[in-house]
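Dear colleague,

Please find below the structure that I am handing over to you.

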Amino acid sequence: MKLRTGMLVAALGLSSALLVGCGDDSDEQAEQDAGNQSTSQESSTSKYAGGTSGSDGAESTNDNGQSDQSGGEDSQQAAAGGGEPVNLIFGTGGTGGSYYPIGGALKSVFEESDLVDGVQVVSTGASVQNINNITDGLNQVAIVMSDVAYDAVKGQNQFEGQAADIQTIAGLYPNVVQVVATADSDIQSIADLKGKRVGVGKVGSGVEQSAAKVLESAGLSYDDLAQVSHTGYADSVTEMSNGNLDAAFFTSGVPNSSITGLMQSTDVTFVPVSGDVASTLLEKYPYYENYEIPAGAPERYNLGDAVNTVAIRNIMIVPSSMRDDVAEDLAKRFHDYLESGNVSVGALKQFDPSTMDKNLVVPVHPGAQAYYDTLASSGGDEADISEATASQAANEQAATTDADGAEADPAKQTSAETPEDNAQPTEGSDTSGGDNAQDKEPQS
């Protein structure tokens with residue numbers, strides 16, 4: 001059975017590679033260009049965990065057409081827990097963006113579960129397509145931006161009249177709205193963009209959507225700008241370096257390598273999105289959240305002063321019909337992976353794992369919520385135990401210290417170091433990883 005499952009996954013993977021649009025370094029552009037995943041996957045959808053059981057069809061047959069009862073030890077263990085193991089198609093984004101390597105990293109993490117038989121990671125057009133694919137049963141797990149997901153559950157804008165029945169497994173890292181102006185443009189606030197030449201991102205991109213909303217919250221529109229340039233990151237930087245643009249919007253993780261490159265050749269000012277502009281934005285669009293780019297952090301631009309702005313969080317979603325036990329185990333394994341210290345994708349180091357179920361605009365799946373509730377409950381007990389252990393260790397250390405104050409037994413010292421993955425905040429804490437996607441344009 002495992003051989004046949006492997007062959008099926010391989011075949012589906014080849015089909016996806018041929019039929020799903022691949023992105024360049026801009027995943028929101030991939031979303032504009034990519035069509036829906038091939039309908040040839042529909043014939044295999046019943047084998048994947050989009051429904052309430054993950055095993056709604058008849059019992060499987062072997063190559064001779066005979067009934068195959070040999071589910072294997074893993075299947076028996078999973079069945080004892082409430083259902084047979086499922087297969088998952090994981091919708092990500094363009095191959096050059098951040099979602100795709102995250103899917104690749106989580107494939108092996110999720111496949112360690114007795115409830116998961118296999119995970120197929122597919123490149124897609126990102127958020128909009130991922131939501132449509134989950135609605136159509138083509139995907140069972142996906143990563144999307146909160147703004148798109150919010151519209152989907154509300155059945156508005158591009159999802160008008162077609163509300164998506166999706167729920168969240170976990171909140172991920174934020175895409176931060178970064179507005180950068182040349183120092184000689186005398187732009188200190190969003191209001192100062194009036195009459196200026198501004199790069200707002202490619203047409204229809206996540207960058208442009210954020211730019212339009214930020215301008216709107218400041219009482220401005222494109223008509224108030226001297227020039228509106230629909231340029232991506234690289235072109236915006238080139239135009240600013242050449243003196244053809246006064247400012248540009250960037251929506252990504254922190255740091256953004258395009259901004260870092262610009263700072264090496266051009267004096268720039270980071271324009272805050274704060275005060276009344278931020279308040280108006282957050283009130284009208286609840287998927288935005290406040291964000292601070294810190295001062296004095298070499299890995300985050302090494303700014304002289306902190307910059308207050310806003311951000312949109314990425315989330316991992318599943319269909320509401322996913323089995324509770326599967327959703328709970330996915331949340332647990334993802335959380336354990338983030339806490340393991342073995343995270344290979346830089347973007348996954350840009351948020352605190354303890355916030356995975358916090359401040360989300362799409363409801364958390366009941367199965368995942370059950371895990372978070374258990375985690376919160378056990379966390380309190382662990383805190384009490386930790387405090388008692390620390391106190392005992394301090395007493396033991398004092399008792400084993402010689403007259404000169406030297407510690408006699410270093411082995412009894414209790415470490416107070418916090419793993420890098422748990423530091424708060426951790427945005428941009430690791431930009432050296434090969435899969436870091438902090439400079440990628442957002443996937444919309």
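The following paragraphs set out what was found, beginning with the aromatic rings.

Please keep in mind that this is a predicted model. A search of the whole structure gives eight aromatic pairs. In one of them, the ring centres of tyrosine 233 and phenylalanine 250 are 5.3 Å apart, and the pair is tilted because the planes meet at 35 degrees. This pair connects distant parts of the chain, 17 residues apart: tyrosine 233 belongs to helix H8 (residues 233-241), while phenylalanine 250 belongs to strand S7 (residues 247-252). Both tyrosine 233 and phenylalanine 250 are buried.

Another pair is formed by tyrosine 371 and tyrosine 372, with ring centres 5.7 Å apart; their planes lie at 55 degrees, so this pair is tilted. Tyrosine 371 has a relative accessibility of 8% and therefore counts as buried. Tyrosine 372 is buried as well, with a relative accessible area of 5%.

Ring pairs also join Tyr150, Tyr285, Tyr287 and Tyr288 into a cluster.

Finally, I would draw your attention to serine 123, which is found in the loop between strand S2 (116-122) and helix H5 (127-135). Is serine 123 buried or exposed? Its relative accessibility is 8%, so serine 123 counts as buried. A polar atom of the serine 123 side chain lies 3.0 Å from the backbone oxygen of glycine 93.

Yours sincerely

Terms used
Residues numbered from 1 in each chain as written. Predicted model: local features only at pLDDT ≥ 70, side-chain atom pairs only at ≥ 80, totals over all residues. Heavy atoms only, no water. Phe/Tyr/Trp six-rings, centres within 6.5 Å; stacked < 30°, edge-to-face > 60°. Helix = DSSP H or I, 4+ residues; strand = E, 2+ residues; numbered from the N terminus. Buried < 20%, exposed > 50% of the residue type's maximum accessible area, 1.4 Å probe, protein only. Polar contact = N/O pair within 3.5 Å; in protein donor to acceptor, adjacent residues only side chain to side chain.
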